[in-house]
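Please examine the sequence and the three-dimensional structure shown below.

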Amino acid sequence: MMLRTQIMQRWWPTTQSLDLVEGSVADVATGVYAEISRFIQGERINTSWVGFKDLDAAFRSASEFTNVPTHYLVLPTHSNWSVLWNNSFLCNGYDSLCHCLTMNHGMRTLHWSAHNQWTSFQSGAQFTHRQLIGGEVLTRSVYVGQTDKQWSFSASGIPLPEEDLEGYKARRKRDRLNEEKITSLLSRLGAMPWLEQFYALPERHVFILRRENFPTTITRRSVNDVLRRGQPDEC
């Protein structure tokens with residue numbers, strides 16, 4: 001079953017993780033700016049609000065990829081969620097940013113990734129849901145991952161009502177959480193990040209944050225090089 005629509009497939013593997021933050025794009029942008037500014041104290045940051053005709057144009061605003069993010073998008077959607085995307089060629093989202101958005105700004109976050117085939121990492125799927133309740137970050141994490149011929153499964157925290165707990169009992173660990181099951185879970189949470197129609201483009205603007213003078217020790221890769229790694233014969 002094809003879960004990813006055309007633009008999402010075109011930008012694979014960079015779309016195998018599209019972190020979710022509950023809140024308006026303006027509020028999430030404020031939180032992202034505050035946390036990135038804190039992470040990279042002393043660097044110059046450029047921010048802008050840009051109207052893009054579609055997701056392809058938004059992703060193309062990143063002229064290169066780096067091993068740690070230097071270009072961030074906060075994407076508006078037709079839901080209570082905003083979506084985070086960045087130009088790290090590791091293509092694994094930004095879990096520590098999600099943690100800080102929950103801890104310091106009280107925002108519910110869902111860091112996740114899913115890839116049934118080898119891409120920037122060996123096959124696997126995982127999510128970490130965070131919510132601030134009574135001043136404490138409550139975390140729920142589920143992970144399935146491949147290491148060569150071995151598969152691992154782990155789960156911690158209180159399950160979400162939207163989870164398919166019976167599915168975690170599948171005999172094969174790789175069947176307990178995968179692209180299909182992540183997609184179903186996200187849908188039950190009101191998010192469909194692999195569908196272009198989920199995004200409020202072009203009617204609403206996208207927030208862009210760029211690190212303007214990041215260290216030369218950061219590794220750079222071209223867009224074409226990173227996207228080739230998402231093709232089956234390259235994985």
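**Two crossing helices**

The axes of α2 and helix α4 (residues 95-105) come within 10 Å of each other and cross at roughly 115°. This makes α2 roughly perpendicular to α4, a label that covers angles of 65 to 115 degrees, while those under 35 count as roughly parallel, those over 145 as roughly antiparallel and the rest as oblique. Here helices (H or I, at least four residues) and strands (E, at least two) are DSSP runs, numbered from the N terminus. Axes are lines fitted to C-alpha atoms, for helices over the stretch in contact, and angles run from 0 to 180 degrees between N-to-C directions.

The model is a predicted one, in which local features need pLDDT of at least 70 and side-chain atom pairs count only at pLDDT 80 or more, whereas totals for chains, interfaces and linings use all residues. Residues are numbered from 1 along each chain as its sequence is written, and side-chain values use heavy atoms, with hydrogens and water left out.

Which residues of α2 and α4 meet? On the side of α2 they are G31, V32, A34, E35, I36, R38 and F39, and on the side of α4 they are S96, L97, C100, L101, N104 and H105; contact means heavy atoms within 4.5 Å. By class, this contact has 7 nonpolar, 4 polar and 2 charged residues. Ala, Val, Leu, Ile, Met, Phe, Trp, Tyr, Cys and Pro count as nonpolar, Asp, Glu, Lys and Arg as charged, and the others, Gly among them, as polar.

The sheet comes next. Strands of a sheet pair through backbone hydrogen bonds, either parallel or antiparallel. In this model, an open sheet of 9 strands has the order β2-β10-β4-β5-β1-β6-β7-β8-β9, with antiparallel pairing; two strands pair if DSSP finds at least two bridges between them. Strands β2 (45-50) and β9 (150-156) stand at the edges with a single partner strand each, so one side of each is left without a neighbour in the sheet. From one strand to the next, the twist averages 15°.

Strand β8 (residues 136-147) pairs with β9 in the antiparallel sense over 7 bridges. Residue Y143 has S154, in β9, as its bridge partner. Helix α2 (residues 25-39) packs on the sheet, where it touches β1 (19-22), β2, β4 (71-75), β5 (81-86) and β10 (206-211). Helix α5 (residues 179-188) also packs on the sheet, touching β1, β6 (109-115) and β7 (124-133).

The whole structure holds 13 salt bridges, each being a side-chain nitrogen of Lys or Arg within 4 Å of a carboxyl oxygen of Asp or Glu. The side chains of E43 and R211 form a salt bridge with an N to O distance of 2.5 Å. E43 lies in the loop between α2 and β2 and R211 in strand β10, so the pair ties together parts that are 168 residues apart in sequence.

Finally, the backbone deserves attention. A cis peptide bond joins W12 and P13, and P13 is in the loop between α1 (6-10) and β1.
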